[in-house]
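Work through the following exercises with the sequence and the model side by side.

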Amino acid sequence: MTDTEIEITADLVRDLLREQHPDLAGLDIREVAGGWGNQMWRLGDELAVRMQRMDPTPELQLNERRWLPVLAPRLPLPVPTPVRSGEPSARFRKHWTVMTWVPGDPLDCSSISRGDHAADALAGFLRALHVQAPADAPVSGDRGGHPKECTDGFDRFFHAVVPYSLADDVRSVWNDAVAAPEWEGPPLWVHGDLHPANVVVSDGTLSGVIDFGDISAGDPAWDLAAAWVILPAGAASRFFDAYERADAGTIRRARGLAALKSLFLMLMGRNGDLGLPGGKPAWGPKGRAALDRVLKG
């Protein structure tokens, strides 16, 4: 059995805790549904164990360990903060991390009903996050750059899931983003992967941001795409007014990246409907709704 085939169970998590953090091994352990590159387990009421699963290398978890303690204190919404490190061992040859638990329901399993409040909360969060990154900040190979660097991925998603009736409009949004000017400021901290599964909701509004494995230095347009991907219809304008810092070119890039992210969600939803590995059935409707918001501007 290879590392990728190892079944991650509550017993395995408890055994690893006994080996490396025995003072935590007595806490209640229960699986969290979802997860992509990592599998999550609740640990007591305030912690979680993040187990590397599909991620081929440990860099994403190591980036979270290195940078979240630096960023978290200045962010206005709760984010998971590493508290213990789990190292590869004979029992489990991948990395794992004990982190604080961010309460709330993932948006891919819930909805935002207080759109104005959520727009203000997201804008405030990204204003705080989007500061100049240090020279040793990680740089993502597939996030943080100009949309023109993602043309192959966009075309693949486009041909897989775009309804024929929307093809021209979607292509127009993407072409406009590709033609938009480059980000001319210094590389800023960006979350890089804001979509419905990576934010949590409480009382109808945004209450936390999770999964910072793709934290990197780059173009803030990657996060500003969340105005359409995460927020409900009609909230994008309020969001950009509250964020204040996005010029016309950045908004054009963000809208195109929102189209790209919407298509990815739709593709993962289709894969889930087909029962394919890694597919997420709930993501399809979220992606299609996001694409409708993108097309409305």
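Helices (H or I, at least four residues) and strands (E, at least two) are taken here as DSSP runs, numbered from the N terminus. This is a predicted model, in which local features need pLDDT of at least 70 and side-chain atom pairs count only at pLDDT 80 or more, while totals for chains, interfaces and linings use all residues. Residues are numbered from 1 along each chain as its sequence is written, and side-chain values use heavy atoms, with hydrogens and water left out.

**Exercise 1.** Describe how helix α4 (residues 151-161) is placed against helix α5 (residues 167-179).

Solution. Two packed helices are described by the angle between their axes and the distance between the axes. Axes are lines fitted to C-alpha atoms, for helices over the stretch in contact, and angles run from 0 to 180 degrees between N-to-C directions. The axes of α4 and α5 come within 12 Å and cross at roughly 170 degrees. That makes α4 roughly antiparallel to α5, a term used for angles over 145 degrees. With contact meaning heavy atoms within 4.5 Å, Thr151, Phe154, Asp155, Phe158 and His159 in α4 meet Ala167, Val170, Arg171, Trp174 and Val178 in α5.

**Exercise 2.** Decide whether leucine 126 and proline 220 are buried or exposed, and list what each of them touches.

Solution. Leucine 126 lies in helix α3 (residues 115-129) and, at 0% relative accessibility, counts as buried. Not counting residues up to four places away in sequence, leucine 126 touches Leu194, Asp223, Leu224, Phe239 and Tyr243. Proline 220 is found in the loop between β10 (216-218) and α6 (221-224), and with 2% relative accessibility proline 220 also counts as buried. Leaving aside neighbours within four places in sequence, proline 220 is in contact with His130, Trp183, Leu188, Val190 and Tyr243.

Key:
Angles under 35 degrees count as roughly parallel, over 145 as roughly antiparallel, 65 to 115 as roughly perpendicular and the rest as oblique. Buried means under 20% relative accessible area, exposed over 50%, partly exposed in between (1.4 Å probe, protein chains only).
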